[in-house]
Amino acid sequence: GWQTSMKSGSLSCILPCNRFPVQLMSQVRVYTSNGQKKDLGSEDTNRSIPEETLHKVGTGRQDMTNAGQKQSFLKEPIQVKVKAVLKKREYGPKYTQNNFITGVRAINEFCLKSSDLDQLRKIKRRSPHDDTETFTVYLRSDVEAKSLEVWGSPEALARERKRRKEAEIKYRENLFRNQRLLREYKEFFGNTKPRSSAAAMFFKGPGKVVMVAICINGLNFFFKLLAWVYTGSASMFSEAIHSLADTCNQALLALGISQSARTPDPSHPYGFTNMRYIASLISGVGIFMMGAGLSWYHGIIGLLHPHPIESLVWAYCILAGSLVSEGATLLVAINEIRRSARAKGLSFYQYVVQSRDPSTNVVLLEDAAAVLSVAVAATCMGLTSLTGNPYYDSVGSLGVGTLLGTVSAFLIYTNTEALLGRSIQPEQLQRLTELLESDPVVRAIHDVKATDMGMSKVRFKAEVDFDGRVVTRSYLEKQDIEQLLQEIQQVKTLEELEAFMLKHGENIIDTLGAEVDRLEKDLKQRNPDVRHVDLEIL
């Protein structure tokens, strides 16, 4: 409502209002609807007020014009406090020029040289990387000004960017040809580089198990194939196909192991560790197609069109040798899994079911299936030789195919689960959560996710509600309190207050970033499996 209280000499008038009157003894303040305030001095208060105005005002509420009501209102004036606030600042595109930019981005995006950056202002900032404490950045406005100085105009800079982009596209198109030329040069001049780490992987751990399995299964396939050609046994044919499938699948596993050792690049920032799971998945499909499929096919053909079997003496000898060789490979795989499971604090069964090492798991299951299939084939061939009925041999082929199908289904399931990004064990997730919640700077955590990326690599993500008081106290503990108190006492104006808050507010934000880095480092040190930590600030 509109309200004005005026008093000059013996004249006193109260304007109608549905809220409250305001009394001013020395001057009149007029409040308008747009929030502006106008002060009128003593000369304005002594001006005469038109009678028409007083008449219109008085007719608004006649029952409030009596002297008793005026005295009650005048005795209790109401004081109105006006809150002083800073003017809201509009941040436009010019403000972003004060942002920082790294030297690499300055050189790539603004087509500069490293020598051009030597003349610019350098600022030390907290590094987001673990291997460096601080790193140098530049003001974006300085970099833009330097680029204009070097290239002369924004148009010339745009032309240079376009030229470099075209050169980059052309280089990528010729990348395959360049790599092929490099390989040809290495073959012609000889490769003088030391043995790579990828080759060394095949002399220990899962790589060693896979290489041993490739050699043994290759020899088994050769001898079983000769026995099948000599005897014509369906079970022996299934065993030969089984050994061939194992050899091809384990060669695929060796390829996956070598590819998983590649270093991360911009296209694959988290590395190539999943190549082992991809190779194991394809291996499982290969076992199902080549091993189980052909064994079932040959067994069904044997049932539909049985034929007599020749002497099985050589077949028994080859099966006995295959049993010994497959058993030796199986023992190598079992020992490797036991050692790895003991290092991870897991049981043998848990390590296999969780598919912690897909390559070793494939060798283990393939060799276990090979030993069982040898026993099934030998039993069915023995029944055929005793009874002279070739149907037993065909049933043995179907049994071997069923066994291989079961193994392939298990491999496909476990590797698919690993590639989909399954969560870690609840006990391990609980330990990570308790470690964060026990830190004084953390008030609460929400939306916790921990994904197993494969090969004992975990990615942890959580939204953290930080305690601002603890963060501020951590910042104050590093400051000179007496000097800080003097700075506070020197603040007299709103501009000085704003400058003081901006200075220390930025430092407190840096302190918060340092606390985030500390928490990430603690998580990685206490849990070596955690390789990537993403903490989001609420």
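Cys111 sits in the loop between α4 (103–109) and α5 (114–117), where helices (H or I, at least four residues) and strands (E, at least two) are DSSP runs numbered from the N terminus. This is a predicted model, in which local features need pLDDT of at least 70 and side-chain atom pairs count only at pLDDT 80 or more, while totals for chains, interfaces and linings use all residues. Residues are numbered from 1 along each chain as its sequence is written, and side-chain values use heavy atoms, with hydrogens and water left out.

Most residues other than glycine have a negative phi. Cys111, however, has a positive phi, near 55°, and Cys111 is buried, at a relative accessible area of 3%; buried means under 20%, exposed over 50%, and partly exposed in between, with a 1.4 Å probe and protein chains only. Asp447, in strand β8 (residues 442–452), also is not a glycine and has a positive phi of about 50°, but Asp447 is partly exposed, with 37% relative accessibility.

Let me turn to the packing. A nonpolar core is a set of buried Ala, Val, Leu, Ile, Met, Phe, Trp, Tyr and Cys residues joined through side-chain atoms within 4.5 Å. The largest one has 26 residues, and Val210, Leu253 and Val363 are among those with the most contacts inside it. Elements giving two or more residues to this core include α10 (205–231), α11 (234–260) and α15 (358–387). Another core, of 21 residues, lies apart from it, with Leu432 and Val530 among its members.
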